[in-house]
Amino acid sequence: CENFDQQSRLCKIYDDRPSFCRIERFGELYGIEADDLGDTAADSCRDHIEQVYGGESLEAERFEEVQEIVRVNAGWEIVDDNSESMAGFENLSREQQLDELRKSKAQLEIAAGQAESVKAKEQFQAAIDDLEEAIATLSRQQR
């Protein structure tokens, strides 16, 4: 996307982005059922990460790791069981999984600090909150 700033990793027109860039409009615009909206959004993120950073990039790997953690902690079925990064994450120790979650959270906190719009900051904070919940859940399981 021409409005994506690769250095800051933020959208340059976030507050004024078109409707097709807004997840809350995906279902309406593309006829996606509410139950499928999260997976569709995640697939869109995967495509974007692959186009900008490459499918084998650290960004792609971290995205998949966080997706798996969120799914596992939410009790969702893992549908993409052939993903190397997901299998790799599953084989990590709990402490290593916690470390990866904490790294992802730190990256989100940096991005949130650089976000210019209130809405972007709120969305980053929601993702940070989700990661904090996943970290807490994994920590409890580790005890």
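Me: What share of the chain's contacts between residues at least 6 apart in sequence joins residues at least 24 apart?
Reply: That share is 46%, where contact means heavy atoms within 4.5 Å. Mind that this is a predicted model: local features need pLDDT of at least 70, side-chain atom pairs count only at pLDDT 80 or more, and totals for chains, interfaces and linings use all residues. Numbering starts from 1 along each chain as its sequence is written, and side-chain values use heavy atoms, with hydrogens and water left out.

Me: Why is serine 139 called buried?
Reply: Its relative accessible area is 15%. Buried means under 20%, exposed over 50% and partly exposed in between (1.4 Å probe, protein chains only), so serine 139 gets the buried label. Of the chain's 143 residues, 32% count as buried.

Me: Which residues does serine 139 touch, leaving out those up to four places away in sequence?
Reply: Leu98 and Arg102. Serine 139 itself sits in helix 6, residues 118-142. Also, a polar atom of its side chain lies 2.8 Å from the backbone oxygen of isoleucine 135.

Me: What makes up the largest nonpolar core?
Reply: Eight residues: Val66, Ile69, Leu98, Leu101, Leu131, Ala134, Ile135 and Leu138.

Definitions and conventions: Helices (H or I, at least four residues) and strands (E, at least two) are DSSP runs, numbered from the N terminus. A polar contact is a pair of N or O atoms within 3.5 Å; within protein, one must be able to donate a hydrogen and the other to accept it, and residues adjacent in sequence count only if both atoms are side-chain atoms. A nonpolar core is a set of buried Ala, Val, Leu, Ile, Met, Phe, Trp, Tyr and Cys residues joined through side-chain atoms within 4.5 Å.
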